[in-house]
Amino acid sequence: MLNYVLSRLLTFVPTFFGVTLISFAFIRVLPGDPIIVMAGERGVSQERYDQLAAQFGFDRPMYVQFWEYFTGVLQGDLGNSFVTKKPVWDEFFALFPATLELSLCAMVLAIVLGLPAGVIAAVNRGKFFDRALMSTALVGYSMPIFWWALLLIIVFSGNLGWTPVSGRIDLLYYFPDPTGFMLIDSLASGQKGAFWSAIRHLILPTIVLGTIPLAVIARQTRSAMLEVLGEDYVRTARAKGMSPGRINSIHALRNALIPVITVIGLSVGTLLAGAILTETIFSWPGIGKWMVDSIFRRDYPVVQGGLLLIAVMVMIVNLTVDMLYGLINPKIRKR
Amino acid sequence: MTDASSTQTAKAIGEERPSRLKEFWFYFRENRGAVIGLWIFAVFAFLALFGPWIAPHDATEQFRTNALQPPFWQEGGSTEFLLGTDPLGRDMLSRLIVGARFSFFVGIVVVSVAASGGILIGLLAGFAPKWVDTIIMRIMDIILAFPSLLLALVLVAILGPSLINAMIAIAIVLQPHYVRLTRASVMSERQKDYVTSARVVGAGTLRLMFVTVLPNCLSPIIVQAALSFSTAILDAAALGFLGMGAQPPTPEWGTMLAEAREFILRAWWVVTFPGLAILVTVLAINLLGDGLRDALDPKLKRS
């Protein structure tokens, strides 16, 4: 097991280096000179330009710049935003809880609905429930979520007036946010109605972001269950006279969960990509909206740093899933 | 199955064995969803090819006096504009019909570029020495570490927002999947006896790659092609929606949604129809992909 962990960790190093190189290289080929962008509409004189170029190190060879960037990254220094002048690292982790809260809610929704849906479909294979659930899952899987978000806004915010259209909480409420999770902070603040307001703001974005993972989990659970239900030990359990409910929940589901867990782990990337669209539509102040805004503002250090941090986060989750997989399934370790 | 030995065995068995295409069609036809998907896809392809000649109006013509007119069944609607008009008075139906070609074009181009590049690199990784394989797969890991839409978004920001650049970006993002898939099947096919015998007979590496091994790796790649066709359409629409894909006044469905956003609470039809078009198209292609997988993958067949 130790060997397996070490070898997986070793592959992390070159990938991390490559990801840093790519996010560095991307920004250097972006059209538009960063200094001219920073100067804004007033423009900049040649002397001031040279001075700034020297200050940011743009006048030095590319490999020196990259090396400086890379060593900076290792120390948690991703440069400062052109627009707010604050460190990218601080901005990222100030906004990250908002995205994390939304993603966790979406994932919980997807698992809570997706797992039972998959199991029910597998157990009722070929019958009405199976067909209905799997057709719905396929629609969810094919959903353009940006349109789905607009539809939900039309119905629930526009026609019914049940949910707010944007933001994380009503402007009426103001309280400190020690955790950054609106649900926890609003509850801790003790203000009447704050928690309810936070929930109402969360509902639509959660549904929108959870739709595709929900469909994927339901489909995966169904196919994993079907595979397991055909195994010999399930037949043995049946022959022994065990009740179907016990077979499904204890024998089948537990073994079917392995591929499902992998899918859950791998959908972190999907969630982050979905967060870009969801947060933009609902003006959710998280990483996704921050990245889109920065791309439009040509805030290079932010795009560079955000791209890198998001990729590293996906890598860490994938690595964790791999390790868990090795832990559950000893066959994998041997390779 | 194009290598000499298997063609001969197929001939030896003779008439009892139906042709591959027939066999494929036999299994495919059993899946009702897939057949419906195929029909919808055929309509979609037809509209993509002949859209401008079918559309009742020009997709960019502005009927200023009829701006934001609802669909014909609602009060204030008329049969001249069946699905209503957008804020600039352009006919929704015509824009949707003409828009089909952009999504279709995106799907075709992205899949051809991503698949041909991915298959080539995957074959190379499968046949090259270990260290080349390692380098190629590490690079693919790096690309896969970025969420696809984010990577495409940044790439388009670099290249400049346009439909062509969006297609390039999406193709780059999707291509590692083909590399992994091709490499994995090459790895398992390479050890089989028919490859060894081809090598013994004296087939060169290139012949082994393209003539002996590749045709036997195609099934999963075809399925992947169908699935990434729909991913490409979705991602291109998402980029258009974020203002980084096709630019107005192009009637691309995602771009149409972006233009309609501010009217969502006043005119439901400008938002509903373009999204519905995307959903139906993507759904049809996914149905088709599921059917292809069931018909092509012998492991899942009859399970």
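The exercises below, each with a worked solution, concern a predicted model.

In this model, local features need pLDDT of at least 70 and side-chain atom pairs count only at pLDDT 80 or more, while totals for chains, interfaces and linings use all residues. Residues are numbered from 1 along each chain as its sequence is written, chains are lettered from A in the order in which they are written, and side-chain values use heavy atoms, with hydrogens and water left out.

**Exercise 1. The interface**

Describe how chain B and chain A touch, and how much area they bury.

Step 1. Contact means heavy atoms within 4.5 Å. By that rule, 39 residues of chain B touch 44 residues of chain A.

Step 2. Buried area is the accessible area (1.4 Å probe) that two parts lose on being put together, summed over both. For chain B and chain A this comes to about 3800 Å², with 82% of it on carbon and sulfur atoms. On the chain B side, B:F146, B:L150 and B:I158 lose the most area to chain A, together 15% of what that side buries.

**Exercise 2. A pair of rings**

Classify the ring pair A:F12 and A:F16.

Step 1. Rings of Phe, Tyr and Trp (its six-membered ring) pair if their centres lie within 6.5 Å; planes under 30 degrees apart count as stacked, over 60 as edge-to-face and the rest as tilted. Over all chains, 28 aromatic pairs are found.

Step 2. The centres of A:F12 and A:F16 are 6.5 Å apart and the planes stand at 5°, so the pair is stacked. Both residues lie in α1 (residues 2-29) of chain A, four residues apart, about one turn of the helix.

Note on methods:
Helix = DSSP H or I, 4+ residues; strand = E, 2+ residues; numbered from the N terminus.
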